Amino acid sequence: DLLPRVARDQRIRSWANRQIRSLDLLEDVTVKLVSAAVGKGIPDLAATLQRKVGQYGHLWVFGAQNAGKSSLINALRKYSAEGGDRGAGGSRGREGGPVRQLTEASLPGTTIGFVRLDELLAGSRCKAFDTPGLLHRYQYTSTFSPLTYQEIGMLLPKRRLKPRTYRVPVGYTVSIGGLARVDLISAPGSSAYFTLWCSDEVTTHFGKTENAEARQAASVGDKLVPPLDSEVGMPNLVSSDFLVEGRDWKRSSEDIAIAGLGWVAVGVSGECEVRAWAPKSVLLCQRDALMPDYAKDFERPGFGMMLPVAPKKGRRAKW
């Protein structure tokens with residue numbers, strides 16, 4: 001429910017399976033596309049879990065912090081309380097009482113310790129447990145993030161993602177809030193296409209690489225957010241270089257993913273060199289393009305935003 005409507009299920013499922021194969025994960029892996037918000041895919045997931053777990057098996061829910069485990073569990077509980085196959089209705093347990101919901105929050109680390117999940121699957125007496133979110137220290141949205149609670153919330157999309165596409169000449173940069181930058185170092189034809197996929201609360205700047213660092217530092221907390229506090233400033237960014245290969249100017253071929261922030265899809269015919277900037281603690285990685293689509297209208301040089309800037313709340317120590 002956060003990806004654009006053009007992201008058909010089969011496309012996303014195929015992409016996920018390719019990632020699983022590239023990471024050499026376990027063979028017995030099933031990909032399910034679900035939305036805890038609207039209930040899409042929940043009946044299919046529940047049926048698959050019931051077949052695999054049976055009446056008296058064990059079911060453990062694992063996932064990274066802020067992956068949405070609690071939201072998924074609450075959706076499964078609601079579906080179970082409604083009888084498993086009767087559609088939407090009130091969320092009441094088998095004895096008629098309300099279904100106990102897990103706390104959902106954008107703050108990482110909400111689940112502390114193991115939590116027994118009663119009535120997770122309709123008709124099954126399996127023992128189900130929720131677990132604390134796996135700590136990925138390399139994400140902007142982890143417990144160890146230097147961002148405030150409000151700023152972490154700004155990084156988590158609340159609406160369907162909308163692409164921001166830039167036709168980037170060599171020697172130009174896209175600055176992503178005060179948290180990251182992406183430069184085009186070389187490209188066939190002297191340009192390539194960058195498409196940014198991230199929360200619409202993150203603002204950007206598109207301009208020459210020559211003054212990008214100074215401009216970004218001077219604009220943090222004002223025209224470039226997050227961070228929201230200009231006095232705190234931006235983190236120290238270090239660079240990583242990527243060689244991106246593509247066969248088509250009309251679609252993105254590969255992504256440069258910035259853990260916990262989003263990704264920049266690169267469209268090029270041939271090879272181009274991209275330099276991405278992020279804090280040393282934040283993971284940058286290259287992968288097949290999840291969303292190869294461009295925006296209908298391209299971004300122009302200068303500052304860009306999709307939503308009004310949120311008011312500043314609270315202060316924190318400097319980076």
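Author: A salt bridge is a side-chain nitrogen of Lys or Arg within 4 Å of a carboxyl oxygen of Asp or Glu. In this predicted model, Lys78 and Glu82 form such a pair, with their closest N and O atoms 2.6 Å apart.

Reader: How many salt bridges does the count come to?

Author: The count comes to 11 salt bridges. One of them joins Lys32 to Asp44, with the closest N and O atoms 3.0 Å apart. This pair links distant parts of the chain: Lys32 is in the loop between helix H1 and helix H2, while Asp44 is in helix H2, 12 residues apart.

Reader: Which strands hold Arg275 and Asp241?

Author: The side chains of Arg275 and Asp241 meet in a salt bridge of 2.7 Å, N to O. Arg275 lies in strand E12 and Asp241 in strand E9, so the pair ties together parts 34 residues apart in sequence.

Reader: Which residues have the most contacts inside the largest nonpolar core?

Author: That core has 34 residues, and those with the most contacts inside it include Ile176, Phe194 and Leu261. Beyond its neighbours within four places in sequence, Leu261 is in contact with several residues, among them Tyr140, Leu155 and Val202. A second, separate core of 17 residues includes Leu49 and Cys126.

Reader: Which residues form a nonpolar patch on the surface?

Author: Trp60, Phe62, Phe114 and Leu134 form this patch, with about 470 Å² of accessible area together. Trp60 is in strand E1.

Note on methods. Residues numbered from 1 in each chain as written. Predicted model: local features only at pLDDT ≥ 70, side-chain atom pairs only at ≥ 80, totals over all residues. Heavy atoms only, no water. Core = buried A, V, L, I, M, F, W, Y, C linked by side-chain atoms within 4.5 Å. Buried < 20%, exposed > 50% of the residue type's maximum accessible area, 1.4 Å probe, protein only. Contact = heavy atoms within 4.5 Å. Patch = residues over 30% accessible without salt bridge, like charges linked within 9 Å, V, L, I, M, F, W, Y side chains within 5 Å. Areas by Shrake-Rupley, 256 points an atom, 1.4 Å probe, with all protein chains shown as cover. Helix = DSSP H or I, 4+ residues; strand = E, 2+ residues; numbered from the N terminus.
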